[in-house]
Structure formats: C-alpha cells, structure tokens
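Hello,

Here is the structure I promised to pass on to you. Please have a look at it, and then read my notes below.

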Amino acid sequence: MQKIGIIGSGVVAMSLGNGFLKHGHEVMLSSRDLSKLSDWKEKGGVHSHAGSFKDAAIFGDILVLAVKGSVASDAIEEIGPQNMQGKTVIDTTNPIADFPPENGVLRFFTSLEGSLMEELQERFPEIHFIKAFNSVGNAFMVNPSFKEKPTMFICGNNEAAKKQVHQILDVFGWEVEDMGKDTAARAIEPLCMLWCIPGMLRNQWTHAFRLVKA
C-alpha cells in the first residue's frame, strides 16, 4: 500500500482516487472547500481522506496533479514546492484556454514549441513530473473495458519516477509507451484535443488511443 495525494477534487481526481482505493492504496483528495469531498470520503471508507492541497502533497508518497491547467502553477505555489520536492507527480493537466472550441477543436494557451508540463518542470525543477492520463476521459482511466488494451503515452525527465508511473498504469490496465523527456509533452498534451473532437462534434466519448506496431 502506498499513500497517494491527489491535488484536486474534480471528476479526474475522484476517478483516479477511486482507482487507487480499488487497488489497495490510501488516498487523500484535496480542495479549498472540503465539503465537496464529504460524500467521496464517506463512500471510500477508512483509506480515503480529504484535506487541503498542502495536506495532500505532504501526505502522498506519490502525487497526482489534477487541477485546471491554467491554475497548475498557482496550486503548486500555494502548496509550497518544497512539500513536493523529490516526489513523483503524475501530471494529468492540459493547457486548455478559456475560449470556445473551433469546429470541435479545443484551444490551448501553449504552442507546439512548448508544453504546460515543460513550463511546470522548468519552474519547479526539484519535482518529478510525469505526464499521464491527459488524453482519455475520466470514465476510462482505470481498468477500461475496450476490446484491446489501450495505450497511455507518458513522458518525464526522471527515470525512477517513470518506472513508478509505469507500474501504476500496468495495474490500471494500460499499455505504456514512454515517449522520453518532458519535451514530448508538446506532442502528448495535444492528444487531448484529438480525443475530444468526436465528443465535441458527435457526442462520442467512449474511445481511447492505441499504438499499433508491425
């Protein structure tokens, strides 16, 4: 059993929190309004906890960053980056801008020459960010029931942290493809755009990516 601290309280945070509970871990979700987590905490039993962002960061052996991309840096500053230093942080965020989609395509506040994850890694170099879970809907993050095992693309600069996330993804039912350093987030984050297009255009949200090899 590991302690998992999740920075956030939305649907991604709760889905992953439930997944970690299902697989025997102790989990703390976090919010500025703890009343939002009272039902989740009650249903989760003795291994589910609720606290502030800082509480979750201190609690977790492994952390999950599951806040809006536009406030990710602010959330880490609020926590105090020293409380996340040296820890594996699964970065689920996407740099979605506050503008409506164009023909079903989300808009990002980053360019293809940079990514949100790179910005976070540069600003907080002592934190081991690993990009994952950003390009699939929350309903399919844990042990999804597709005909074939889907692919989760990950990247990050710390090999030990990537190994930890790889092990989690194995248990969560994913085939893992390591795309290298944080630079690869420039390609992985836009997969969120691609994943959302069928949903935006045709209300189809029950899919995932798979890398097919010869």
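**What I found**

Val212 sits in the segment after helix 8 (191-202); helices (H or I, at least four residues) and strands (E, at least two) are DSSP runs, numbered from the N terminus. With a relative accessibility of 69%, Val212 counts as exposed (buried means under 20% relative accessible area, exposed over 50%, partly exposed in between, with a 1.4 Å probe and protein chains only). Val212 and Pro150 are 62 residues apart in sequence, and their C-alpha atoms are 9.9 Å apart in space.

A word on the source: this is a predicted model, in which local features need pLDDT of at least 70 and side-chain atom pairs count only at pLDDT 80 or more, while totals for chains, interfaces and linings use all residues. Residues are numbered from 1 along each chain as its sequence is written, and side-chain values use heavy atoms, with hydrogens and water left out.

Next, the aromatic rings. Rings of Phe, Tyr and Trp (its six-membered ring) pair if their centres lie within 6.5 Å; planes under 30 degrees apart count as stacked, over 60 as edge-to-face and the rest as tilted. By this rule there are four aromatic pairs. In one of them, Phe20 and Phe172 have ring centres 5.0 Å apart and planes at 55°, so the pair is tilted. This pair links distant parts of the chain, with Phe20 in helix 1 (residues 11-22) and Phe172 in the loop between helix 6 (159-171) and strand 8 (175-178), 152 residues apart. Phe20 and Phe172 are both buried. Phe133 and Phe172 also form a tilted pair, because their centres are 6.2 Å apart and their planes at 55°. Here Phe133 comes from the loop between strand 6 (128-131) and strand 7 (151-156), 39 residues from Phe172. Phe133 counts as buried at 2% relative accessibility.

Asn94 lies in the loop between strand 5 (88-91) and helix 5 (116-123), and at 10% relative accessibility Asn94 counts as buried. A polar atom of its side chain is 2.8 Å from the backbone oxygen of Asn134. Beyond its neighbours within four places in sequence, Asn94 is in contact (heavy atoms within 4.5 Å) with Gly69, Phe108, Leu116, Asn134, Glu189 and Cys192.

Which residues of helix 4 are buried? In helix 4 (residues 72-79) they are Ala72, Ser73, Ala75, Ile76 and Ile79. Viewed down the helix axis, these buried residues fall within an arc of 160°, so they line one face of helix 4 (the arc is that of the directions from the helix axis to the C-beta atoms). They pack against strand 1 (3-7), helix 3 (53-59), strand 4 (62-65), helix 5 and strand 6. Just after helix 4, Gly80 has a positive phi of about 95°.

Finally, there is a pocket (on a 1 Å grid over the protein atoms alone, an open set of points with protein on both sides within 12 Å along at least five of seven lines; lining residues have an atom within 4 Å of a point). The largest pocket has a volume of about 670 Å³, a volume being the space filled by probe spheres set on the points, which are joined across faces, edges and corners. Its lining has 34 residues, of which Val12, Val67, Lys68, Thr92 and Ile96 lie nearest its centre. The elements that give two or more residues to this lining are helix 1 and helix 8.

Best wishes

Definitions and conventions
Polar contact = N/O pair within 3.5 Å; in protein donor to acceptor, adjacent residues only side chain to side chain. 1 Å grid on protein atoms, 1.4 Å probe; cavity = no way out; pocket = protein on both sides within 12 Å on 5 of 7 lines; lining within 4 Å.
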